[in-house]
Amino acid sequence: MKSGEVLVIDLFAGPGGLGEGISSTTHSNGNKPFQIGVSVEKEPSAHKTLTTRALFRKLAKEPTAKQHYYDYVQGKITREQLFKLYPNEALAAQEETLKAPRALGIDNDLIHARIKELVSKHKGPKIVIGGPPCQAYSLAGRSRNAGNKDYKAENDERHFLYMEYLRVLTIAQPDVFIMENVRGILSAKLNGKVMFPQILKDLRNPGRVTKIKDTASYRIYSLVINAKNPNNPQYSDSADFLIRSEQYGIPQARHRVILLGVRDDIKKTPQILTRAAESITVKETLSDLPALRSGFSKQPDTTIAWEKTITKHSRQLVKAFKKIYPEEAINNLDLTPLLDLPRASSIHTNRVNNQVPEPLKGWLLDDSLGCVLNHETRGHIEADLLRYAFCAAYAQLNDGVSPKSRDFPEELAPEHKNWTTGTHADRFRVQSANKYATTVTSHISKDGHYFVHYDPRQCRSLTVREAARLQTFPDNYLFEGNRTQQYVQVGNAVPPYLAQQIGQVVLQLLSI
Ligand SMILES: C[S@@+](CC[C@H](N)C(=O)[O-])C[C@H]1O[C@@H](n2cnc3c(N)ncnc32)[C@H](O)[C@@H]1O
């Protein structure tokens with residue numbers, strides 16, 4: 001690493017959303033000072049994505065090399081060929097991701113040794129980013145666990161994976177750390193006690209917990225609320241640490257706790273993030289991507305069969321809507337299925353008509369990419385397709401509101417015993433065109449019910465690329481692994497564009 005650069009240690013890295021944003025942070029002189037030294041990730045497909053992206057970053061500095069990356073993502077050469085073409089960069093990328101998926105808590109010897117080596121060689125500032133996995137803290141996780149009478153939070157290793165994080169903090173003693181977690185961390189309890197104040201205490205003084213002497217202590221800041229006393233930041237409400245991503249130029253209501261730890265010897269106070277003037281809608285973010293049709297999962301899947309079914313559905317829907325809505329409203333509704341749609345498309349024909357507002361547009365689009373990545377629909381059962389078309393059309397008639405189960409015509413109700421009880425009132429949700437999206441979670445990998453595309457004529461759930469756009473991954477970011485794994489990766493990530501804004505705050509703080 002060169003002088004003036006900041007060493008980044010990325011833990012629980014997922015597909016690298018946080019790392020992507022931080023490493024894209026640009027100095028006023030055009031330099032990108034944050035250099036990822038190591039990304040630790042245990043899941044093989046996310047690890048593969050991370051390694052491909054690490055290589056991309058190294059190749060992007062040189063036009064011919066960058067073109068070879070495009071050749072790979074366009075399917076002209078294999079990944080192996082790309083890595084062989086650039087052996088030095090490939091080795092560096094593989095070293096960056098520790099040559100294989102690695103788990104904190106299991107591969108500690110190797111991970112800690114690498115971190116120590118990087119830290120000892122690097123004389124400049126360093127930061128630790130990432131958050132321990134959130135399942136045990138997450139609200140959904142807790143309600144799921146509540147039904148399990150043998151579940152004991154204190155025996156759940158995920159509950160204490162943040163100890164691994166503290167351990168790395170004591171080893172690396174970074175200038176700054178950025179810890180991300182789900183909202184549920186604020187209210188998570190252990191033996192009836194809210195854990196968050198203890199987590200803050202631990203993070204302020206990680207050495208006390210890991211019992212490693214003479215280690216640094218930290219002040220912990222919110223990135224959205226100014227501390228009353230910047231030298232000793234305390235917040236009256238733990239929700240002050242919650243970032244509502246939609247307020248910062250992300251087309252998605254993603255509410256996450258992000259803590260900014262600043263080593264006590266660094267006397268500067270971090271600024272807070274600047275709110276965006278306007279929120280960005282789903283349609284603005286997605287409308288230029290190729291239109292696609294959904295597929296059938298349990299019957300022959302041909303374009304002709306799909307068109308026939310969707311035409312039948314649209315007649316059925318118009319009939320149902322006519323019972324409720326005035327004629328004019330129905331006339332404005334276009335349910336005619338789009339014809340000859342493919343299920344996947346890598347050809348970005350509508351690029352020039354994209355509506356993404358700047359600066360997000362400059363962040364997402366890549367003029368040289370020449371294709372669309374990870375844009376392929378899933379198969380669904382025919383009855384769900386009708387429900388998807390209903391959701392999308394209902395939102396058009398109701399100012400973008402997604403229907404609750406009670407709003408569905410009886411004949412569309414799934415055979416689900418909770419359908420009418422209200423406990424699953426939101427079993428289907430359309431991502432309305434003229435609003436920001438709801439949180440893109442890894443649940444998107446299970447089914448598309450919460451992520452229905454706003455266009456009833458396409459009648460489908462979002463593709464990985466569309467979810468990635470809502471998460472603000474640049475279009476040239478390739479997700480490796482199978483489609484389910486790609487969805488999980490996207491749903492788990494920190495929006496890179498948000499991370500880049502956090503990077504700017506850290507850059508200013510470090511005065512480099
Ligand atoms: C919420 S995701 C992180 C997202 C990431 N910060 C981003 O911005 O893309 C958490 C990740 O931690 C990984 N993970 C879980 N336990 C781990 C462990 N013990 N060691 C390394 N990675 C782990 C999971 O596979 C998952 O990809």
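Mentor: Start with Arg 102, whose side chain reaches the backbone oxygen of Leu 98 at 2.9 Å. This is a predicted model, in which local features need pLDDT of at least 70 and side-chain atom pairs count only at pLDDT 80 or more, while totals for chains, interfaces and linings use all residues. Residues are numbered from 1 along each chain as its sequence is written, and side-chain values use heavy atoms, with hydrogens and water left out.

Trainee: Why is Arg 102 said to have no salt bridge?

Mentor: A salt bridge needs a side-chain nitrogen of Lys or Arg within 4 Å of a carboxyl oxygen of Asp or Glu. For Arg 102, which is buried, the nearest side chain of opposite charge is Asp 107, 5.2 Å away. Lys and Arg count as positive and Asp and Glu as negative; His and the chain ends are not counted.

Trainee: Which pairs do form salt bridges, and how many are there?

Mentor: The count comes to 24. One of them joins Arg 57 and Glu 20 at 2.9 Å, N to O. Arg 57 is in helix α2 and Glu 20 in helix α1, 37 residues apart. Helices are DSSP runs of H or I with at least four residues, strands are runs of E with at least two, and both are numbered from the N terminus.

Trainee: Why is Glu 20 called buried, and why is Arg 57 called partly exposed?

Mentor: Buried means under 20% relative accessible area, exposed over 50%, and partly exposed in between, with a 1.4 Å probe and protein chains only. Glu 20 has 5%, so it is buried. Arg 57 has 22%, so it is partly exposed.

Trainee: What else does Arg 57 meet in a salt bridge?

Mentor: Glu 96, at 3.8 Å, N to O. Glu 96 lies in helix α5 and Arg 57 in helix α2, so this pair ties together parts 39 residues apart in sequence. Glu 96 is buried, because its relative accessible area is 6%.

Trainee: How do you know that Glu 480 and Arg 79 form a salt bridge?

Mentor: Their closest N and O atoms are 3.2 Å apart, so they fall within the 4 Å limit. Salt bridges that share partners also join Glu 20, Arg 53, Arg 57, Lys 58 and Glu 96 into one network.

Trainee: Why is strand β4 described as largely enclosed?

Mentor: Seven of its seven residues are buried, so the rest of the structure largely encloses β4. Val 176, Ile 178, Glu 180 and Val 182 point one way, and Phe 177, Met 179 and Asn 181 the other way.

Trainee: What makes β4 and strand β9 a pair?

Mentor: Two strands pair if DSSP finds at least two bridges between them. β4 and β9 have seven, in the antiparallel sense, so they pair. In β9, Val 257 stands opposite Asn 181.

Technical notes
Polar contact = N/O pair within 3.5 Å; in protein donor to acceptor, adjacent residues only side chain to side chain.
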